[in-house]
Amino acid sequence: MEALERDSLFADLRHSDEEVRRLAVERLSLLPQAEAVPPLVGSLGDPSWRVRKAAVERLTALEDVGRPVRALVAALADGENPGRRNAALEALTRFGVAAVPVLVEASRDADVDVRKQAVDALASIGAPAAAQRLAELLEDADPNVRAAAAEALGAIGARETVALLERRLEADPEPLVRLSALRSLARLEVAVPVAQLSSALSDPLLRPSAYQLLGFSEDPGALELLLKGLASPARSAREAAMEALVRRASLLAPGEEDAFVERLRAATADAPFLPDALERLGEAPLTTRLVLVQFLGWLGRPDCVVPLLEAAQDEALGEVVFAALAGAGDAAEAGIEAAWKHFSDATRLRACALLGRTGGAIGDALLRRALTQGDPALLSVAATALAKRGATGALPALVAALRVAATAAVEGDAESEGQLELEQAIHGMLRGADAALGDRAAALLDAELDGAPEGFRLATARLLGCIGCGAHRERVELLLSDPSAAVRRAAVEALARVAPRQLELLRCALADEAPQVRIGAAAALAASGDPAVVADLASLLDDAEPRVVVAALRALATWARAVGSVEARQRALLLLSVGLAHGGSSGLAALDALGAVGGKDAVELARDALGSADPEIAEAAVACVGAHGDREALSDLLPALAHPAWNVRARVAQVMEERRHVHAMPSLIRQLDAERDDFVRGAILTALGTLESQ
């Protein structure tokens, strides 16, 4: 770097504009490392966090770590600029184990602040190699250094130093050091006997940490001490006791939780801590709120239900709240019932979702009530909850609610908000159910059909198809004559399940005035596997509606697979060749069907379309040949790398990669030299990368 440029750089480091200073810090990497380190470390004290951050980034990117680490350790002694000191600590932490030897040496510095900061850096790095030196620092003359060393031993997981930490806990004259020892013992999950904590439990400063440590104790007396801690006048102690109880519960053996919860409820009957705990649900840090939710759920108190449901609006707490209240069972349902009239809309929705996880009679009644309240969102959640419960007794209420929801549909929309959820709830109950429940559902639907709105008739057709019982064939046949094309289409699909051999009725649907009904009939006939159906599908190739022709062509592939004979395959291929010759949407559908049929003869038909001027046809042909072609057929795709359409060229490259066709590499390399489209170049490069590894 020229002298003038260097002078400008150093001048910019002192500029009043922080962005100019930040850019200057970035340019320091152009200097030799020996020159760059001092100004970079100096910039750690810049008033702008953006400049400090840039300096940290540049320092930690240097290859030779020795020089910057030593300079950063020296910066730890800056007692005038905490920003610089903290930035140096961050940089040292990012250097990781490479900084440990220098930091260990710095921990012997005569300056107390340097020793303390070196210990903090070792803790941040999490360096087990420093455990011995940190243990020695438990005897440091300065209490702040001893406390930092005690904290650091927990941070690095130095379990071999437990005895030393216990000695500090018992004998150190400084409360701060004893507190740090307690925290580290808790972090190391040490099971300390109750008697060893008696002194700490009597000290208001140490009591919360002592309670936390009791969460790991195997001493039988620990539980009683923690229960007494719930009545502590200090909030920090109460919440520490709750956290320890939650931790102890997680360590219980299978089958022990019921006795634990029973003992907890007996000890907290008057619950003097409850008002404050409920208030903290809305204001405490997340970790504390998670503890409160689990703890309050165990109490099984109806007066905790509403605050917990309101806390569930925080997504981070939602699942934990539901799990806790579901465990409360009848008490949760009683609390919801008592507050039902006073719930906000959002809380009532959460209450219904929760009732899907409980199993009591109160919850069943509340969910049925929700079905009648006219709120589409509430209707949806309540229906889903009833389905989760498997509450088949609610089937009449669900069917009635389905009718109401369908009636509420806006003009021009057959299905209202909430209707699909109700239908899905009924469908969920019927899935895998016995015939008796299916017959009951069919009778309930039939009873509501007279004069029912379109949405209800549509849902009925779909649900009858779900039941799939031949006994309900007459109901489905009636729906085949429905004035709504959507209902007739659903009835056609239902008939294919209820009476799959009733092909004449399906053939009648081929003459329906609505294209969507003819499309449904084509799919249902194809799935029947009847050899004679090919004539019906062939007739649809002359339909005036292009969508029907497309459906018939795709149905030919389904039919050929369902019949499974060579003759059926040949008939299907012949008809698909006709569709292919028509081009456009018919050609695309024919190529999709050829891909579904597969085989050498399907590939031969698709190869004829490779030269199509229609990019979509050509791409579909490439896809079909690529899926089923042999090595020779794949090589025949390579000229399409020069196709005018970018999508065709890209698809050829993708096929070569997918099929690992290494013989395509010379063609791909030549095309790469000539290719100007970035997407196609990317596809070619990806293909070459894959093929080169073969």
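**Exercise 1.** In which helix does Leu-402 lie? Determine also whether Leu-402 is buried or exposed, and list its contacts.

*Solution.* The structure is a predicted model, in which local features need pLDDT of at least 70, side-chain atom pairs count only at pLDDT 80 or more, and totals for chains, interfaces and linings use all residues. Residues are numbered from 1 along each chain as its sequence is written, and side-chain values use heavy atoms, with hydrogens and water left out.

Step 1. Helices are DSSP runs (H or I, at least four residues), numbered from the N terminus. Leu-402 belongs to helix 26, residues 395-407.

Step 2. Buried means under 20% relative accessible area, exposed over 50%, and partly exposed in between (1.4 Å probe, protein chains only). Leu-402 has 0% relative accessibility and therefore counts as buried.

Step 3. Contact means heavy atoms within 4.5 Å. With neighbours within four places in sequence set aside, Leu-402 touches Gln-419, Leu-422, Glu-423, Ile-426, Leu-445, Phe-456, Ala-459 and Leu-463.

**Exercise 2.** Describe how helix 3 and helix 5 pack.

*Solution.* Step 1. Axes are lines fitted to C-alpha atoms, for helices over the stretch in contact, and angles run from 0 to 180 degrees between N-to-C directions. The axes of helix 3 (residues 33-43) and helix 5 (residues 66-75) are 10 Å apart, at an angle of about 25°.

Step 2. This angle makes the two helices roughly parallel, a term for angles under 35 degrees; those over 145 count as roughly antiparallel, 65 to 115 as roughly perpendicular and the rest as oblique.

Step 3. Helix 3 contributes Gln-33, Ala-34, Val-37 and Val-41 to the contact, and helix 5 contributes Arg-67, Pro-68, Ala-71, Leu-72 and Ala-75.

Step 4. Sorted by class, the contact of helix 3 with helix 5 has 7 nonpolar, 1 polar and 1 charged residues. Here Ala, Val, Leu, Ile, Met, Phe, Trp, Tyr, Cys and Pro count as nonpolar, Asp, Glu, Lys and Arg as charged, and the others, Gly among them, as polar.

**Exercise 3.** Which residues of helix 3 are buried, and what covers them?

*Solution.* Step 1. The buried residues in helix 3 are Ala-36, Val-37, Pro-39, Leu-40, Val-41 and Ser-43.

Step 2. Their cover includes helix 1 (3-12), helix 2 (18-27), helix 4 (49-60), helix 5 and helix 6 (82-95).

**Exercise 4.** How many disulfides does the whole structure have?

*Solution.* Step 1. A disulfide is a pair of cysteine sulfur atoms within 2.5 Å.

Step 2. The search of the whole structure finds 0 disulfides.
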